[in-house]
Every structure is written in C-alpha cells, then in structure tokens.
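Here's a quick walk through one protein chain, from overall build to a handful of side-chain pairs. Have a look at the model first.

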Amino acid sequence: MQMPEPTADHQRLARLAGTWKGTETMHPSPWDPKGGEADAVTVSRVALGGFAVVVDYEQSHGGRRTFEGHGVYSVDAGSKEVVLHWWDAMGQGVEEFRGGWAGDRLRLTSSNAMGRFRMTTTLTAPGEMTARMESSTDGEQWTALFDGRYARAD
C-alpha cells in the first residue's frame, strides 16, 4: 500500500514548529482579574509523518508557572479545516478549535461550557509570531484575553 503524503495544508502547519518565546499582555478577565505581563514559551514539533504538529505551552508570571497546555494541530481530511485538539490546566478535558488560514494568519474558534473562544496566530515575519486569544458569550462581541509577541528561540 502506498503511504499518503502530507498535503500543502499539512506543510503549512509545519511553520508553527519550533521553540517560541515571548511576552503576553494579559487583559483583565475572569481568569486574570488584574491582567498584566506574562512570559510564554511554546515548544512545537512536526509529528506523525508530517500530518500533525504537537505543541506544549507554558506561561509564567515572575518566574512562577501560572498556566500550561498541550495541543495537536492537524487538518480535517473532509472539510480541509485546521483542527487543534487542546488540553490545559483548566481541567476541562479536550477542547476542539477549528478554522483556517487567511494568508499568514491562522484563526481558530471553539465553544465550550466556559464560552466561545477565538485564537488568532499570525506569522508576521521570519522568526516572529503574534497571537491573540479572545472570548465571547454570544459569538458577536469579542473581548481580548491576551495579546502575545514571540520570537523563534531555536
């Protein structure tokens, strides 16, 4: 049997692989009432023969870990959407984000018991990335949870 090859959509996800370090501006929210600055490190790697990108994320304030998560990006073969399966320290179990690319911007959304969430990751220049996480109760009005700026560290 001929093994399948990763598609251009899978190869596009590989741009997220690497070690990314940066600073996040936390906006006041129920999860972080005061807001403030946080440090973040994301370590991602291409996996499963190029069909997935596995990511580990850690956020800290003042050198103390305050949040962590683990995810797997892939491409839905039927819809061609980017899918992110995400687990984190909130203890809610797996969360599924779906969406797609518009140029160098990847926008994924999710809905769960805590609300609706939208994550936008932009590859702004070689070795540079930004991210914005937003929440919404109705899917119309969005409130920023954090804005991050990262540089490749590998």
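Contact here means heavy atoms within 4.5 Å. With that in hand, take S60: leaving aside neighbours within four places in sequence, S60 is in contact with A38, D39, R65 and T66. S60 sits in strand 3, residues 52–61; helices (H or I, at least four residues) and strands (E, at least two) are DSSP runs, numbered from the N terminus. Is S60 buried or exposed? S60 counts as buried because its relative accessibility is 16%; buried means under 20% relative accessible area, exposed over 50%, and partly exposed in between, using a 1.4 Å probe and protein chains only.

A word on ground rules. This is a predicted model, where local features need pLDDT of at least 70 and side-chain atom pairs count only at pLDDT 80 or more, while totals for chains, interfaces and linings use all residues. Residues are numbered from 1 along each chain as its sequence is written, and side-chain values use heavy atoms, with hydrogens and water left out.

**The whole chain**

Zooming out, the protein chain has one helix and 10 strands, in the order α-β-β-β-β-β-β-β-β-β-β along the sequence. The C-alpha atoms fill a box of roughly 55 × 35 × 30 Å along the principal axes. The radius of gyration is 16 Å, which agrees with the value near 15 Å that a compact globule of 154 residues would have; that radius is taken over C-alpha atoms, and the globule rule is 2.2 Å times the number of residues to the power 0.38.

Of the 154 residues, 41% count as buried. Among contacts between residues at least 6 apart in sequence, 31% join residues at least 24 apart. The accessible surface comes to about 8700 Å², with 52% of it belonging to carbon and sulfur atoms; the areas come from the Shrake-Rupley method with a 1.4 Å probe, and for residues only the protein chains shown count as cover.

**Charges and salt bridges**

There are 16 positive and 21 negative side chains, and the centres of the two sets lie 2 Å apart. Lys and Arg count as positive, Asp and Glu as negative, with His and the chain ends not counted; each charge is placed at NZ of Lys, CZ of Arg, CG of Asp or CD of Glu.

How many salt bridges does the structure hold? The structure holds 10, a salt bridge being a side-chain nitrogen of Lys or Arg within 4 Å of a carboxyl oxygen of Asp or Glu. Here are some of them.

| Salt bridge | N to O distance |
|---|---|
| R15 and D104 | 3.1 Å |
| D76 and R98 | 3.0 Å |
| D154 and R152 | 2.9 Å |

The R15–D104 pair links distant parts of the chain, 89 residues apart: R15 lies in the loop between helix 1 (8–13) and strand 1 (18–26), and D104 in the loop between strand 6 (95–102) and strand 7 (105–112). R15 counts as partly exposed at 35% relative accessibility, and D104 is partly exposed at 37%.

D76 is partly exposed at 23%, and R98 is partly exposed at 26%.

Finally, salt bridges that share partners join D76, E81, E96 and R98 into one network.
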